[in-house]
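Trainee: I have a new model open and would like to learn how to read it. Could we go through its features one at a time?

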Amino acid sequence: MSKQNTYQIESPESFEIWSILYNRQSWTYQEIFIMSKLFYVYPFEIAAKVIKRIEKEMEKYLDFLREVNFDCTFYLNVGKYLIHNKQLNSAYNYLNKALPLCKKYDKVILEIDTTAHLAIISYLSGDETAEKIIYEKIDLFKRIDRSVLADDLKNDWELFFKNKKGWEI
C-alpha cells in the first residue's frame, strides 16, 4: 500500500482468508491480528464488516499481550483508513478511541500520529487553522529523529488531503 500510495490492492489471497474466517464462530488472536492488517485491501463494504468483527473478537484478547497495545494501533489504523474513505465522522470516533489509549500506554509516536490525523479531519471539515497542527506534528517527528514517520505523514498530507479542504461528507 505504501509503495503504490493506495488501498486499492489486488489480493486474491486476502479474499480467500476472509472467505474462510467469515463464518467462523470465533477467531484466534493470530487471525484477529492478520485481519487487522488486511482489512485495508477489501472494498469498503467488506472492510467495514471486518472492522466490526475485529472489534468484537479483540475484546477477549486485550489483556493477552499487554505490551502489544493492539487496541490503540487498531483504532488509529481504522481512523486513518476511514479518512481516506471520506468517512470523517467515523474516523473521528475511532481516533478519539485511540488517543486516550496512546496516553494510557505511553505511546508517544502513536499519539503524535493520532493528533495529526484528528487535525486532518478538522482541516477537511473546513478548519484551515488545523494545517498548522499537521505541520507541527511533521516537524515533531523530525525533531525526535523519526524522519521516516515525518516523511510518511507529510506525503499522506500533501498527496491525499491538503488540497481537498471542505470535503462533502
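Trainee: What is the handedness of the crossing where H4 passes H5?

Mentor: Handedness says which way the near helix is turned from the far one: anticlockwise by less than a right angle is left-handed. H4 passes H5 in a left-handed crossing. Keep in mind that this is a predicted model.

Trainee: At what angle do the axes of H4 and H5 cross?

Mentor: The two axes cross at roughly 155° and come within 8 Å. Angles over 145 degrees count as roughly antiparallel, so H4 is roughly antiparallel to H5.

Trainee: Which residues of H4 and H5 meet?

Mentor: On the H4 side they include Asp-71, Tyr-75, Leu-76 and Ile-83. On the H5 side, Leu-88, Tyr-94, Leu-95 and Leu-101 are among them.

Trainee: What is the phi of Lys-86, and where is this residue found?

Mentor: Lys-86 is found in the loop between H4 and H5. Its phi is positive, about 60°, although Lys-86 is not a glycine. Lys-86 counts as partly exposed because its relative accessibility is 43%.

Trainee: Where is Asp-145 found, and is it buried or exposed?

Mentor: Asp-145 is found in the loop between H7 and H8. The cut-off for exposed is over 50% relative accessible area, so Asp-145, at 63%, counts as exposed. Asp-145 has a positive phi of about 65°, and it is not a glycine.

Trainee: How do H6 and H8 pack?

Mentor: Their axes are 12 Å apart, at an angle of about 15°. Angles under 35 degrees count as roughly parallel, and H6 and H8 are therefore roughly parallel to each other. H6 passes H8 in a right-handed crossing. Ile-109, His-117 and Ile-120 are among the H6 residues that meet H8, where the partners include Leu-149, Trp-157 and Phe-161.

Trainee: How many helices and strands does the protein chain have?

Mentor: The count is eight helices and zero strands. Read from the N terminus on, the elements run α-α-α-α-α-α-α-α.

Trainee: How do I check the length of a helix, say H3?

Mentor: Compare its span with the one expected at 1.5 Å a residue. H3 covers residues 44–58, which is 15 residues, and reaches 20 Å from its first C-alpha to its last, close to the expected 21 Å. The buried residues of H3 include Ala-47, Val-50, Ile-54 and Met-58.

Trainee: What does Ile-54 touch?

Mentor: Leaving out residues up to four places away in sequence, Ile-54 touches Trp-27, Ile-32, Met-35, Ser-36, Phe-70 and Phe-74.

Trainee: How many residues are in the largest nonpolar core?

Mentor: This core has 49 residues, and Ile-54 is one of those with the most contacts inside it, along with others including Met-35, Phe-39 and Phe-74. H1, H2, H3, H4, H5, H6, H7 and H8 each supply at least two residues of this core.

Trainee: Why does Asn-77 count as buried?

Mentor: Buried means under 20% relative accessible area, and Asn-77 counts as buried because its value is 18%. Asn-77 has its place in helix H4. Not counting residues up to four places away in sequence, it touches Lys-37, Phe-39 and Tyr-40.

Trainee: What share of the protein chain counts as buried?

Mentor: Of its 169 residues, 42% count as buried. As for contacts between residues at least 6 apart in sequence, 61% join residues at least 24 apart.

Definitions and conventions. Residues are numbered from 1 along each chain as its sequence is written. This is a predicted model: local features need pLDDT of at least 70, side-chain atom pairs count only at pLDDT 80 or more; totals for chains, interfaces and linings use all residues. Side-chain values use heavy atoms; hydrogens and water are left out. Helices (H or I, at least four residues) and strands (E, at least two) are DSSP runs, numbered from the N terminus. Buried means under 20% relative accessible area, exposed over 50%, partly exposed in between (1.4 Å probe, protein chains only). Contact means heavy atoms within 4.5 Å. The expected span of a helix is 1.5 Å times one less than its number of residues. A nonpolar core is a set of buried Ala, Val, Leu, Ile, Met, Phe, Trp, Tyr and Cys residues joined through side-chain atoms within 4.5 Å. Axes are lines fitted to C-alpha atoms, for helices over the stretch in contact, and angles run from 0 to 180 degrees between N-to-C directions. Angles under 35 degrees count as roughly parallel, over 145 as roughly antiparallel, 65 to 115 as roughly perpendicular and the rest as oblique.
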